[in-house]
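Work through the exercises below with the structure in view. Each task is followed by a solution in steps.

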Amino acid sequence: MQMSDQKEIAADPATVYAALLSPEVLKACVPGAQEVTGTPEDGFEATVTQKVGPVKATFKGQVALSDMVENEKLTISGEGKGGAAGFAKGGAVVTLAPSEGGTLLSYDVEAKVGGKLAQLGSRIIDGFAKKMADQFFANLQAHLGPQDPGGDGDAPEGEGNDEKKGWFSKVTGRG
């Protein structure tokens, strides 16, 4: 399976890079993570419980970081075993670039699965992988983003405020 995407993160590249190296942040952001320990230099050990289609398993695995260029790029490679459910292994090249909104994070992932997981078929596995990636980056954005950017949330209504409204507000007229 291969997957590539880009995500806009509302934080500077140094903050995003540091977050990707923190076991505490990774535990908070990886869906289903029960434990993440280790260091960027020695690698991380993780325990993650996930349900993929009808298969639910707890994966224990190792993650190593390499080709690290501070605040710009890193390569993640890992392998996890989920007992009878099978295994997953692969890697990702992650690049960070400054952008208007903070950091443009790009990733290219290549992964393989085996055991019962491989029997589910590529459509289920690919959909699950995309959902996991989207959830990870949503969690990362929530973790790094401004906690309450609008103060008490009472933004003034009036002219020139439309560009700050989300699509739902524009469609429904509610703010």
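A cavity is a set of grid points where a 1.4 Å probe fits but cannot get out. The model used here is predicted.

**Exercise 1. The cavity**

Task: Find how many cavities of 30 Å³ or more the structure has, and describe the lining of the largest cavity by class.

Solution. 
- Step 1. Rolling a probe the size of a water molecule over the atoms shows where empty space is left.
- Step 2. Searching the whole structure in this way gives one cavity of 30 Å³ or more.
- Step 3. The space in the largest cavity comes to about 1,300 Å³. Its lining is made up of 44 residues, and those closest to the centre are V30, V63, I76, V109 and M132.
- Step 4. At least two lining residues come from each of β3, β4 (55-69), β5 (73-81), β6 (87-99), β7 (102-114) and α4.
- Step 5. Sorted by class, the lining holds 31 nonpolar, eight polar and five charged residues.

**Exercise 2. The chain as a whole**

Task: State which pattern of helices and strands the protein chain follows, and what share of its residues counts as buried.

Solution. 
- Step 1. Counting elements gives five helices and seven strands in the protein chain.
- Step 2. In sequence order, the elements run β-α-α-β-β-β-β-β-β-α-α-α.
- Step 3. A residue is buried when its relative accessible area is under 20%. By this cut-off, 35% of the 175 residues of the protein chain are buried.
- Step 4. Among contacts with a separation of 6 or more, 50% join residues 24 or more positions apart.

**Exercise 3. Salt bridges**

Task: Find how many salt bridges the whole structure has, and explain what the pair of D134 and K7 ties together.

Solution. 
- Step 1. Side chains of opposite charge can pair when their charged atoms come close.
- Step 2. The search of the whole structure finds five salt bridges.
- Step 3. One of them joins D134 and K7, with 3.0 Å between the closest N and O atoms. Because D134 lies in helix α4 (residues 122-144) and K7 in strand β1 (residues 2-9), the pair ties together parts that are 127 residues apart in sequence.
- Step 4. D134 also forms a salt bridge with K130, where the closest N and O atoms are 3.1 Å apart. Both D134 and K130 lie in helix α4, four residues apart, about one turn of the helix. Shared partners join D5, K7, K130 and D134 into one network of salt bridges.
- Step 5. D134 is partly exposed, at 29% relative accessibility, and K130 is partly exposed, at 36%.
- Step 6. Another salt bridge links E79 and K81, whose closest N and O atoms are 3.5 Å apart. E79 is partly exposed, with a relative accessible area of 37%, whereas K81, at 53%, is exposed.

Notes
Residues numbered from 1 in each chain as written. Predicted model: local features only at pLDDT ≥ 70, side-chain atom pairs only at ≥ 80, totals over all residues. Heavy atoms only, no water. Buried < 20%, exposed > 50% of the residue type's maximum accessible area, 1.4 Å probe, protein only. Contact = heavy atoms within 4.5 Å. Salt bridge = Lys/Arg side-chain N within 4 Å of Asp/Glu carboxyl O. 1 Å grid on protein atoms, 1.4 Å probe; cavity = no way out; pocket = protein on both sides within 12 Å on 5 of 7 lines; lining within 4 Å. Points joined across faces, edges and corners; volume = space filled by probe spheres on them. Nonpolar A, V, L, I, M, F, W, Y, C, P; charged D, E, K, R; others polar.
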